[in-house]
Amino acid sequence: MNKTVRHFFIILFIFSCIGSWAQTSRTKKSFVRLDGEWDLYFQKSPYQTFEAVDNGIPADYKSIVPGYWNKDIKNAVESGKLSEPIDPKTYGCYRYVYTGLNPQEKYALLVQDAPKTSCSIYVNRKIITFLGDPFAMLSEDYDVTSKNSHSSIKPIYCEFYPDEEGNVEIVFFVSNYFYRKGGLCGTVLLGTANSLSQLNTSYLIFNTVILGCLIFICILNLVQFLINRNRIEYLYLGLLTLSFALRLFTCGYSTIGIVFPWIPPEVKVKIEYIALWLGPSVTLQMLFAMYPPRHKMVWEKILRYVILTLVTALGITSLVLPAVYSNQLVPALQIAMGVVFLYVVIVCITNILHHKRYSLLNFLSFFIIIIGALMDIAYTKNRTLMSLSTFPFFVIIYLTIQILLIGIIQNDLYKQMQKKTEELKLYNEAYLRFVPQEFLTLLNKESIIKTNLGDFSNIEMCIMFSKMTLDCIGHEGDLQEHFVIFNEYLKRISPIITKHNGFVSKFLSGGFMALFPKSELDAVGAALEIKSCTQEMNQSSVCQEHKLHSWIGIHYGKMIIGTIGEENRLDDTVISDTVNTASRIESVCEKLKKTIIISHDLQCFAQKNVRIQLAQRGIPRFTLNQLEAIYVKGKEKPLQLYEVLELANKNGGAE
């Protein structure tokens, strides 16, 4: 990921946290948490509750808010107050009286995590808001098997005025239609309308920013995976981020209820559960994508797939079953999640002990998210421990570490790619020592990598065959001396051929074959300069006890150049009668002791302006001495040959 993008999200997250903390700090003194004991009138309607209060009838339970009445039912059965347990899918009224408020000021109630199904709120015995239809359960013809849950899940915010004495009687009428737990599970905040309105806005903005960051990171990782399918960890990190986003979107401050109020609550609950099985499954897959199990550790693979299969099966079952049954699987999903995280921690610690790369950062990130998940489970089980879920903060820390880790991996991969590129460049340069770039150009290939077996090209050009012979003076030469002198000879004449727009196609025993694709004048100019170079070598210290002779045959004609061989071994070649003829001309040079012989097929010498062209190229003045024609295999007519003799006059031209 781009560094600028990472820095942007880190800064955005910091500012959102600071903004949320600052907003909470400004309003903290203006509201109170109504945590603690509330009067619970179990299986009583609001009007029955008001009647019981007026008649001095005590509440059925002193219930702890935030919390669930499942615990109250369990305690009542254990104490003998109830003969048998009551199904938590029932209804009841929570009552709380707060005094000492300003009768002239407007106040508000804020519940971030509303009851899972439906409720209505009464202040001073007047209904001020409701979620879903909590009264449907009171009807005599209520059908428990009905698909209509009469429910709604979203944060609660409502405003009111206290009575003339500054007192408020708050009653929550809660009806639980399908959830495995019932009751007032969220913290109730009471404060001035202005302060709680700002706080509610802060929660909404904070959740929106966090969700926006998660969704962006999810999309970015999925796009990275689509670009490079080999990096499957991007897919897993994207799916993991998506599961976190869904969890935060539905749990706690249920932003989904505000953004999409039309989504049925059963669907919202199932979306919330996705993180409980998708998150651990993807975490497991991502870990093994980065650290594949060793081939010998078969049991590790089996254990991994068993855990993965069980968790995924539980998750898919929770999606398929109706919400009234699927939420019963949450404890099993939480246990499975704990098993996966324990397994992940063990694997991470093992990787650290084996000094595997990135293992420390992986352990830190997974440890952070495990702590966050455990805190989230504790928050859902006992809301008195904390007023706000800390899971979003752990998620952001986890994703920050993961993004940092992927950035480090990308940087290492970039360095490896640079190293491979340099190696490839060296390999390419090494290949070009065997296959000239000019040969690839004639094949219309940019690189040897793009060259395939059987590539060829038809072309007309000039070909030069040359051979060097060595005479030893006063002693018998050995092969090593011949090899050293021949190498020195080739080192000197190769630049000459390149200078005259040619290239050496093959190095032969004691000689070479060169091609001149642009002009025959290039070949003749190179031959004359090679002759001069040979004379200079004979006068140098290299050939003190030796004498070099260069024999050069030049011919012009059509030929095919291409690659031959088989898939694992390619070679470049030139196929044509022109090649054989040029070789035959070179053998005539040796036989007649003529340094340079050309054929009549060099059409450039028939041009009228050849003298001007030669002068412009700086080719020494020479003359052509006609020799006897030779018969070449495959030709009906004899081939006319000419010896090229350099003249002393340097004005340029040919006679």
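How many salt bridges does the structure hold? The structure holds 15 salt bridges, a salt bridge being a side-chain nitrogen of Lys or Arg within 4 Å of a carboxyl oxygen of Asp or Glu. Side chains of opposite charge can pair when their charged atoms come close.

**Before you start**

This is a predicted model, in which local features need pLDDT of at least 70 and side-chain atom pairs count only at pLDDT 80 or more, while totals for chains, interfaces and linings use all residues. Residues are numbered from 1 along each chain as its sequence is written, and side-chain values use heavy atoms, with hydrogens and water left out.

**Stop 1: the whole chain**

Show the chain as a cartoon. Its secondary structure comes to 17 helices and 18 strands; helices (H or I, at least four residues) and strands (E, at least two) are DSSP runs, numbered from the N terminus. Of the 655 residues, 49% count as buried. Here buried means under 20% relative accessible area, exposed means over 50%, and partly exposed is in between (1.4 Å probe, protein chains only).

The accessible surface of the chain comes to about 33200 Å², and 58% of it belongs to carbon and sulfur atoms. Such areas come from the Shrake-Rupley method with a 1.4 Å probe; for residues, only the protein chains shown count as cover. Among contacts with a separation of 6 or more, 74% are between residues 24 or more positions apart, where contact means heavy atoms within 4.5 Å.

**Stop 2: a six-stranded sheet**

Select strands β3, β2, β4, β9, β6 and β7, which form an open sheet in that order with antiparallel pairing. Two strands pair if DSSP finds at least two bridges between them. At the edges stand β3 and β7, each with a single partner strand, so one side of each is left without a neighbour in the sheet. From one strand to the next, the twist averages 30 degrees; axes are lines fitted to C-alpha atoms, for helices over the stretch in contact, and angles run from 0 to 180 degrees between N-to-C directions.

Zoom in on β6 and β9 (residues 168-175): six bridges join this antiparallel pair. Look for V123, which stands opposite I170 in β9.

**Stop 3: K62 and D39**

K62 lies in strand β3 (residues 61-65) and D39 in strand β2 (residues 36-42), so the pair ties together parts that are 23 residues apart in sequence.

P66 is found in the loop between β3 and α3 (69-79).

**Stop 4: R125 and D54**

Next, pick R125 and D54, whose side chains meet in a salt bridge (2.8 Å, N to O). This pair links distant parts of the chain, 71 residues apart: R125 is in the loop between β6 (118-123) and β7 (126-131), and D54 is in helix α2 (residues 46-54). R125 is partly exposed at 32% relative accessibility, while D54 is exposed at 54%.

Check the backbone of R125 too: its phi is near 65 degrees, a positive value in a residue other than glycine.

**Stop 5: K499 and E529**

Move along to K499, which forms a salt bridge with E529, the closest N and O atoms being 3.3 Å apart. K499 lies in helix α14 (residues 479-499) and E529 in helix α15 (residues 520-539), so the pair ties together parts that are 30 residues apart in sequence. K499 is exposed at 56% relative accessibility, and E529 is partly exposed at 25%.

Select N501 as well, in the loop between α14 and β12 (503-508). Phi of N501 is near 65 degrees, a positive value in a residue other than glycine, and N501 is partly exposed at 35% relative accessibility.

**Stop 6: S318**

Finish at S318, found in helix α8 (residues 298-320). Is S318 buried or exposed? S318 is buried, with a relative accessible area of 1%. Its side chain reaches the backbone oxygen of G315 at 2.5 Å, a polar contact being a pair of N or O atoms within 3.5 Å; within protein, one must be able to donate a hydrogen and the other to accept it, and residues adjacent in sequence count only if both atoms are side-chain atoms. Not counting residues up to four places away in sequence, S318 touches K270, W277, S326, L329 and L333.
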